[in-house]
Structures are given as structure tokens and as C-alpha cells.
Amino acid sequence: MLSNAVEALYIFDQHNESILEHVYRSRPASARAILPLYLAHPTPRPSLIYLPNVNPPTVLFSVLHNNLLFLSPVSTETEPLFVLEFLHRVIDVLEEFIGDPLLATKIEGSYDVVAQLLSEMCDAGSVCNTEPNALRDDVDVSGFLGKLLGGVGLPGSSPALLPSGGLKQQLSLNPTSNGPAIPWRRANVRHTSNELYVDIVESLLVTLAPSGRPLAAFANGSIAFTSKISGVPDLLLTLSASGGKLGMEKAIELPVFHPCVRLARWKERPGELSFVPPDGRFMLAGYEVNLMPSNLDLKTWSNTNLQLPVSIEVSKSLGLTGADFEVRLILSSIFPGASTLAPASRPNLGTRGSGRSTPIFGSSASGPSLSDVVVTIPIPQAVRNITDLRASRGEAYFTPADNVVEWRVPTKDAASAGNATLRCTIVGPLTDDDDDRSDGFAFDVANGEYDDKEETYQSSALDAPKKSAANEQNQSRDQRKVQQNAPLMPSSASVSFNIKGWLASGIKVDGLVLDTRKSRGLGEGVKPYKGVKYLTVSRKGVETRC
Amino acid sequence: MFPPGLILTSARELTLEAAQSAGSARTVNSRPSNRDSPFAQTKKLLDSRNDREVLEGLRKVISMMYRSKPCLPFFSAVVKNVASPNIEIKKLVYIYLLHYAESEPDLALLSINTIQKSLSDQNPQVRAMAVRVMSGIKVPVISQIVSLGIKKGCADMSPIVRKAAALAIPKCYRLDPNTLPQLLDYILTLLGDRQYYVVGPAVTAFLEVCPDRIDLVHKYYRGLVRKLVDMDEWGQLATLRLLTIYARKCFPVRTKKMSQNKSKGFYEDEDKEQEDDNSGEEVQVLDPDLELFLKACKPLLSSRNSAVIVSTARCFLHLGTSEYIDAAIGPLVALLRSPQDIQHVAMNNIVAVCLVRPESFVGYAGHFLVWATDPPDISRLKFEILTLIFPHCEPHMKEMILSELEHFTRAADTALVQESVRAIGRCAQNESSASTRCLRLLLAQLSSQDGNLVAESLTVIRHLIQQNPQAHVYTVIRLAKNLDTTTNAEARASIIWLVGEFSSLPEEENIAPDVLRILAKGFADESEAAKLQIVLLAAKVYLHYLIRITPAQAEEASDAPSTQEVEGAPLHVSSPIEENGWQETHQQPSSDQRGPEPEQDSTHPIPLLWNYILHLTRYDTSYDLRDRTRLYRALLSNPQSTQLASLLLLAPKPIPHTPSPSENRKGLLIGSSSLVIGVEAAGADGVMGYEGLPEWVKEGKEPDAKLRDEALTKDAYGDRKDVPAARELDKAVEKKGLGKIGAGASKDKTLDDWLAEEQESEEGSTEETESESEEESSEEEESESEGDEEVDRLVKQ
């Protein structure tokens, strides 16, 4: 059967210089021996590489994070996800303790903290303690970095890291004597300002058929929770979707939860998350929402039902020789469901909540806002160049190295709704044919320019009618060219963007209640400050095929 | 413990220190300017009497250690600080010690005494560290001392020390396997521990030290199952592994025939599931204890840890019934939300499950559409899933899958194109109703300018045609037409070969001679692969011609050769068209017989063509081609004896069946590295240390089920049924209230107790009422049996 053990952890910086080697068990292949073999593997490198020729034969696990490379060699059969999850936890914990984003210099600057963390998290290969809160009890960040961070108030470092020295030492003696009551929550948490933040982030994965019909549409959500409350609070977070309670059950699919969430409660009443939070920021839950109706309705399903504020259409093989393609970006200012969301949606952190039982997250200052719109169009490798990137708005570049056209569309101006178009002309590979007809080519370009001027204005214009009679004899040749150029056309385009204050799924936070009866050590009359943030992102997630 | 003075001064001191060490860290890292004396400097720091300086020195040493710089020379200077009362210093010294003890065993031994003293420190954290370090020092001489230390740790009041002890057990075992008998005792003590986070490491230790001693687990089985949910992820992983093996070894597969008569089924149950001969569906019956385990696993499916989800899926797949497997599928699919590195591994596992239960994945088809951002490995696996679920889908879903695959035939990545075409082929092969649609799709690809795509499509088309040759006579004609335009060498070769396979058709439908005629014209310009196939085609055509004109011989050879011939016909035997073909060949000769002109060689175009090809190839540059031609010529030199030739040339081709690419990994355990690496790379036995699950124990050989409840019945509960649990609890509380003075109250509570307790206690300070409320809550919250066991434990205490 499988034996689960981490044998070693190596970290390399962006120049592939080893910055950390921590061996847990036995004698794994050294960092120096392994790195070249890892690099020899063609990119993209899988997270698991088998190296039979190393001594001992090694399974190499790797995770890339912020240009830092985390490698872990294992010489016996091990559950791969065990090692990978461990690597991810190491990253999370390091980020929490020595600062986010994690940088090589930060690791180098605090080897002692890192050493304590690593030996605390994994004892001779057995992973034993990966809860940041529990680690905070065990590891003295106060060494120097904790206070350094505390003094400077570095963003991202959890504020709970840094009680003053004396208190810290008391804590380190006190809480562990009986063992932690709740493994994920630090003992004796004290905060002067009591705050609770809920950040719900949904990332879109939408595939549209050439017709515009959605093939699959998912929103992958994650709920990040930040709790800065003294004592042991007991919280109840209520989510709701448009369809009420039943809708909730249907909307949120395949959830995963932080261990603190009471599963029974969720099962009984979907949408209610009852938990005692860890101190600081943590991922409370992850879920997904199928934005398409159930599969049964698929046949009658048309794209009008899936209203995304951003979508794209591609038309290709345009122009005389079929060497043009056009991407249309459709930005709508209508955010489906935003009207109901408006009171709760907050572009920034919430204002002060007024009550306990029915927290009001303040009235929204502004509606959902769209930003960072980038259209990415992969171009077939055979394409030599792209001339004439004409964007009606924003700027577009072709990067031959990656074979990608990137088009950035600013969204600052006004509501920025409306359409934008990008028209490109591709230059195919050099062939003998091309050389023969070099003058014809020049001629076409001259013509094309003329046509294009019009087309940039009327975005839907396709083959502009031929005017010159002289072109008649060229017609057949053009047909052939169109055919030649057809495989050089892009086969998909995707768009990335951020929308603050809007969730594609329509899920919203109905309430966040601090149960004072069940909680302990809150202090008198504490009314925590509550904030909710919604964000929908797409990282090349909305993809149109063509 | 800290000297009180330290705490007082610390605030100011620490601020200073922060500034200093930040500065010093920078010098260590970026500027090796004061190179002349770094060693001496560091050593001086280490020898200092000031804690702050010592700490700084230690930090420097640790930095060097992590950068693989030699810091062995500091060994004695570092290790003598082991006696420092400062816990921070202690921690760093311990880290150093663990790293280098092996290289300096003698010096390391000097520190053992001090560490041993720490085992009795007041601070449980210090005790835990001491246990960990002592067991981590790889000096075999001290194995007995380590063992004693663990023993002490196991009996410690603080669970964190017990946890450290549990983690130390495998280390001690590795140090000296002779300590096994003692270690076994410790493990069993810890397996029965009340604290779920002590039990987790104890299970890990068990798996490392004595995975085969399943017989020791019986007593703890139910406890482990109950604690499973509350353990941390890593403990859950270990426990899942242990209990999976345990279940295989202790619960035989029992099946029950579901008879039509329900009441009868009920009685069968009563009769200890005696199998009777009633016809009916076989249904697996789960042992109640096994079911207990499987049910306890279900909540784990919403774990945030992907490894736990895959492990749970493994349990369900190998132990559970189909309902359990289905429950695990959604969570598995949800792993596609994780980062890419985890996705890759998860996909491999999903495919493995999908091979077993494709139908359950149908609802998730949308998740397996390939995103533009997917790396090739993941796309490949997604295609595989799509093809696996294809036969089980609704028609519109099938259409979607096919268009998805078709889309990727236009992808830029050649590997992806190849995969998608193959996937289309597999779809057609697994679902005959879709095969025409697939074929049309593939035929459309033939006009593509991408040679690679054309070649791949043709290979797949060829396989499809071979599977059902009768239906595809016209497809072949259509393919032959493509010879005019197709330029890709392999594609041409494929088509020619296919035409050759169909050369036995009756004359009216037979295009083979015609194709041969046309090809012969352009023979010189063909690629070698195509030339080889042309020669083969010529040989086949000529052979069929010979068979036709020598009926006498065919008849003479009577049944034997003719049946041979039938078998030898290109396509398989039993098919009706083959029969026809055979009859035709007989008719044909008979018509020839009427006008008997057996020596038509000189005028009939086929022999002419044959000879022409022979001439052409004789002067070809390729050895291989010339050799083969010589072979065919020799075979066919005697027009009277075609028997050998037909055996050779017209042998039936096995029907190609392309298995799903991961089919060969089916036997590998999901969640293992070997599964991801694959049989090709890792070998059939998997990576070193790979071991499959044990087989189910045979019925009748399993250990007695009573072993599992022994702990319950023997110790405390003769009177279990008579006395209400509540009263038991009350008694226990009284006893316990006396029993635990020194130990912290909260250490024995399970998570549920602890949380429930808060509900109970209205006031902020609960220290006094804690024990009481705990018991009350356990009474309320837990099921009766659990409550009972709680009492059991308390009583023992």
C-alpha cells in the first residue's frame, strides 16, 4: 500500500538558484542533482515527473508559485495529492508568516522562522500540523520578523501575528498546556477592533459555440473570510440565491468547506454556514455554480438566457483574400441580477454594520464596475505576422513568440458600455505561390485598405462588394486564397476581466450573525464591523469558438 | 520557562533586536563583505552569554544550513546551547541538531542528557519538542533511551506531547527495528487515545511500523471510524488507508439474491443471508461495520483537501456499492477547480474511476470541455473522459461531444489534433450508432491541408472500416477518389492498402484494378510507403485474377484450400458478404469455363499491369521495395498454385480495437503515483513500494465480528442495556470530577463536545462547570452508544 511521507523540500528562486533545502527523511536525491532533470523536461512541466535514472529512482513533485519553484522528491510510492497539498500548505503558511507575496528575499531574510515552520509542519516526513493558527502558537515569529512586520504594518501579514512581546510570551506558555481546544483557532485571541470580512470571488469558465450558444458555463466560487475577533466567536453566515432556499440548494454545487464549518447545519439548511472561525484570513468554502439550466433543457437553450456583461464574437476569413478576421467585444452595462444585488454589493470594504441580527452592509456607493478587459486570441503557428491591428478602442499587440494577439480595452470612460471591434490581417507563410504573385499581393493590399476604412465603422460589414471590374478575373484566385488562409484563422478567442460588486451566480450574503450566546470571550457589547465584497473574474475564462 | 526578568526587559530588547537582526539578515544574504571573519564572528555570537546574541548566531547558522554551506564546524558551539532555558534558542538548536546529528554522533550524544531532562519540563511544548528531537537524532545507540522517552510521552497529560510521541514511534523503529515489541504497545495505547489528533499520528505510525498486524486493530476499529471526521486531513488520510486495508481483510463480500418476493428477501436476511437458488439480481450486502465506515467517510467528500477526497473515492470504489461510488464522483469532478498541478493528478484519478463507471459521469460532461488554458496533458485526459462517457450520453450531448472534438482537430498543437481525431475514432468504435456520423466527420478532415490531420484521420477511418467492412464498400470508393488530391504519403499508403483489402469484390463493384491502373501511371512519383502499398495492391489484384481464371484448381483443392481461401479473404469469415464473395469467385470461374481461355495472360490487363509494376520496382532505389517485390513475384510465379499466396496476402486481419489510452492503468490503485506515471514509465508493478489492495477475505475466513465490540462489552457494559445512558453518565461525571485535577479539563473532549459545551454554558467563564457541561453535552449530542463509550473511557480513567 502507499506510504505517505514527504522526504524533502527544495525551494528555488526565479533564477533557479537553490534558496532552501530541507531534508525530512532518508536520503533523497539532492537538489543539485534533481534540478537539471526537472528543467530538462519540456514545458509545461507536469506537477509529477518520474525520474527512474536518479539514485534512488524518484518521483518529483513540483509547484510553481510567484516564480518560486517548490520541489519535493519522493522515492517510494506516495499519494501524489498528499505531497502536492503539503506543498500548497507550505506556500500558504509561508505567505501568512513571512508576507504575501512570497519572495525569495523574504525567505532568505527569515530562515529561522521558515526553519521552525517547516519542522513544525512535518515531522520526519509525517505531515502533522498545517493549521496556521496552531502554528502561530508554536512558532515564535517574534524573533524579529514578527515585530518588524508589526512595526511597519506590512499589508497582507495577519494583524494577529503581532501582539507585543510580553503578551506573546505569555501566550506561548499558556494555551498549549492543555492542547488546543479547537485545532484551527489560536487560543486567547485579542483584537481591539473587531472586524469581519466576507470576500466572495467567482471565476468564470464559459465556452461559447460559434453560434454564440453556450456549451458550458460555470462560476467557480470561493469564499474568503477574514475574522479579527477576540475570544471564540460563533458565526452564522447566510447565503442566498435568487431562487430562495431551494434555489440555494440547486445553485451551489459540490461545495468544499474549511474544517470549521458544521456540515450538518449546511445539509439541513443549505446556505447557512455555521462556524467558529480561525483567526485571520482563511478560505471558508469553495463551490461551483452551473450557469446553464439543467442539462435537460439544453436543446431549447439559447444564448439569450446567459447574459454576461462581457462577451465576444469572432468573424473570420473576411476581406478580399480572406486574410482578415474581426473580433467584436460586446460590453453591456446590464448586470443580470445586479438590481437585486445592488444594496449588498460593495466595490470596497463595507461600511460599518449597524445591527447584529440583520447586518446591513451599507448602501452601495456605485453599481458593479468592470475593469481589466483583455481579449486574447491565439493565432496558429503558421502565421508569420499580423499586420494592421486596428482596434476601435484600446490597444492591441501581436506577440509572435507566444502566437497571441492581446487586446486591452480601457473601461474607464463613462459606463463604457457598447461595442468595440478589432480587425486584424494575417500574413501567412511564404510559399512559392506568394512569390509568383507578388504584384497581385500588393494590389490586394491597396484595395483592402480602402475597404477597411469603411469596415471599422460598420462593425458587422463583411465582404465589401467588389467595385473594380478588373477584379473579376482575380475572383477565382481570391477564392483560392481564402481557402489557403482559412487554416490560418484563429479558432478561438477569450476574454479576461474583473467585475467588482457583481457575482455571476447571483449569490449574495444575506446575513452574518455573531451568536453572542454561543461565543465566548467576546467582550462587552462588541459589535463587529462587517464588510462584504463581491468580485467576478475571468482569466481567459470566457471563450468563444469559431 | 522564562526567567521573569526576560519578560520584563523583552519589550525594549526585542525592538532593538528587530532592527539589528533585520540589518544582519541583510548582511548575511546580500553582502558577504565582512568575509574575513564570518566564522569567528558567528562563533563568538554563539558563545555569547547574551540570549539575543546567541539567537542571532543561531540564525546565521540556520541560514548557512539552508544554503547548503558547511556549518558542521559550529557543531559543538551550537549544541552546547541546548541547555539554554530560552525556548527560542532551544528550537533553533534542535533544528540544527536534527540536521547534523548523524555526522557528529559522539558530540550529539552529549546533548542527549539535557534533552532527556527536558522531557520532564513543565511546559508541554518543551516536552513535545524534546520527544521529537530525541527520536530524530539518528544515532542507533540511543534507541532504548528513545523508546523510554516515547513511553513517557505516551502517558503524558498533554495531548501535544502524546502526538509527538506517536510521531516519534516510526523514527524509533527506523533507528532500531528491535524495539518493535515495545513500540507496538505504545501504538496500541495511542490508538485508543481520546484525542482525535493523537490518533491520527498513531495510525500513521501503525502503518509504518506494522501495517500487517491488522489483528491488533479490531478493538479500535469503531473508535477510529467515529473519530475519522474530526481528525485533521493528514490523520484522515492515514486512517482511510488503514481502514481500507482492514475492510478488505475483515469483511468478506456477501451477496444476496434479490428475489421477486420481498418478504422472502426479508427472511433471508434473518437467516444470516443464506443464499438460496432463487433467481434474481445479485446485490452486495455490506457488513454493518463496513457500512459504519463508509457512512463516516461521506462527510469527508466536502473536505478542502484533494488528497482526502481522492482517498475517500478510493475507499468507495474498492469497498462500497455503486451508490457510494456515485456519491464520490461529484466531489472528484470538483477537483477540477483546484490549481493546475493538482488538476493534473486529479484528472488521472477521474479517468481511472470513469473507466469503471462511465455512466455516472454523464451529468458532468460540461466540466470536461477543454478550456483554452488547459495544458496538453489535461486536454488529453479530458478527451478520454468525453469518449468514455460518449456511449452513455443523450443524443444532443453526443452531438456536443463530437463538435467539441471536431473543434480541436483544427487546433494549432499537432498532438492535440492527433488526440482529438483518435478520440473521435474511439467514439465511433464504442457506439456503433454514431459511427456513420463520426466517419463523416473524419472524411471531412481529409480535405484539410494539414497533412498530419489527414494521416491521423485516415488511420482512424481505416480502423473503423475494418470493424465493419461490409458497410463501407462505398466509403472505400470515396476514399479512392481522394487519391487524386491527397499528398500526404502515409495517407495515400493507407488508402491504397484499404483498396487492396477490398480487391476481392465481384468485378462490377471492384475498383481495385482501376485504382491500380491509375496509380501505376504515377508510380515513379510516389513516396516509398505508397509504392510498397501499390505493389501489395498489385499482388492482391493479380492473385484474385489468378484465382478466378483457375477454377479447376480451386475446385481440385476442394474444401481445404477453398475454406482457407474464405478465411483468407481479407475480411472476416462469418460475414454474409464474404459468403457472397466466395460464391462469386466460383461463379466467375464457371463463366470463364464456358469460354475456356485459361491462358489469357498476354491480353488481359491485370497480368499486364502486374508485370508493369514488377518492371518498375525492379529498378527502384529502395532495397526494401525490391525485396518485397521479389517475394511477391516468387509467390505468384506459378499461376496454378495460389494457395500459399492467398494464405499470405489474403490472411484475415484482426479487427483493430483501440482501447482507451488509460485502459492499461485500470489495475492501479487510484490515488497512487503509479497511476499518474502510468504503466509504460513505471512498469507494471508501479513505482518502488507500490502495492495494490489486498483481495477481499474469503467468506468464513474473516475474523469474528465480535472482536470489534470486545472493548465495549468486556470492560464496562455488562449492564449496558439495563441502565440508561444518562445515569451512567452521571456516575461517570462524579468519578471523573475527582479523577482529573491535574490534567487540563479540555484535553479529553472531542471537538463536538467542546463546541457543544459552548451552547450549554451561558456565562463567559466556564472553567468550573466545564467537566459537567461536557458530560451533559455528550449525553445530548452523541448517539447513545457513543455516549456509552465515553462513559467507558471515563470509568477506566
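Which residues in α20(B) are buried? The close-ups below, taken from a predicted model, start there.

**View 1. Helix α20 of chain B and what covers it.** Here's the answer: Lys398(B), Met400(B), Ile401(B), Leu402(B), Glu404(B), Leu405(B), His407(B) and Phe408(B) are the buried ones in α20(B). Their cover comes from both chains, and includes β9 (214–228) and β23 (529–545) of chain A. As for length, α20(B) runs over residues 395–408, and its 14 residues at 1.5 Å each should span 20 Å. The end C-alpha atoms sit 20 Å apart, so the two agree.

**View 2. Met688(B) in its loop.** Look for Met688(B) between α35 (679–682) and α36 (706–715) of chain B. Met688(B) counts as partly exposed because it has 18 C-beta neighbours inside 10 Å. Leaving aside residues up to four places away in sequence, Met688(B) touches Pro57(A), Ser75(A), Thr76(A) and Glu77(A). Asp704(B) is 16 residues from Met688(B) in sequence, yet their C-alpha atoms are 34 Å apart in space.

**View 3. Helix α2 of chain A crossing helix α16 of chain B.** The axes of α2(A) (residues 80–98) and α16(B) (residues 306–319) come within 8 Å and cross at roughly 165°. Angles over 145 degrees count as roughly antiparallel, so that's how α2(A) and α16(B) run relative to each other. The crossing is left-handed. On the α2(A) side, Leu81(A), Phe82(A) and Glu85(A) meet Ser306(B), Ala307(B) and Val310(B) of α16(B). Sorted by class, that contact has four nonpolar residues, one polar and one charged.

Note on methods: Residues numbered from 1 in each chain as written. Chains lettered and ligands numbered in written order. Predicted model: local features only at pLDDT ≥ 70, side-chain atom pairs only at ≥ 80, totals over all residues. Helix = DSSP H or I, 4+ residues; strand = E, 2+ residues; numbered from the N terminus. Expected span 1.5 Å × (residues − 1). Buried ≥ 20, exposed ≤ 12 C-beta atoms within 10 Å, placed from the backbone. Contact = placed C-beta atoms within 7 Å. Axes fitted to C-alpha atoms, helices over the stretch in contact; angles between N-to-C directions. Parallel < 35°, antiparallel > 145°, perpendicular 65-115°, else oblique. Left-handed = near helix turned anticlockwise from the far one by under 90°. Nonpolar A, V, L, I, M, F, W, Y, C, P; charged D, E, K, R; others polar.
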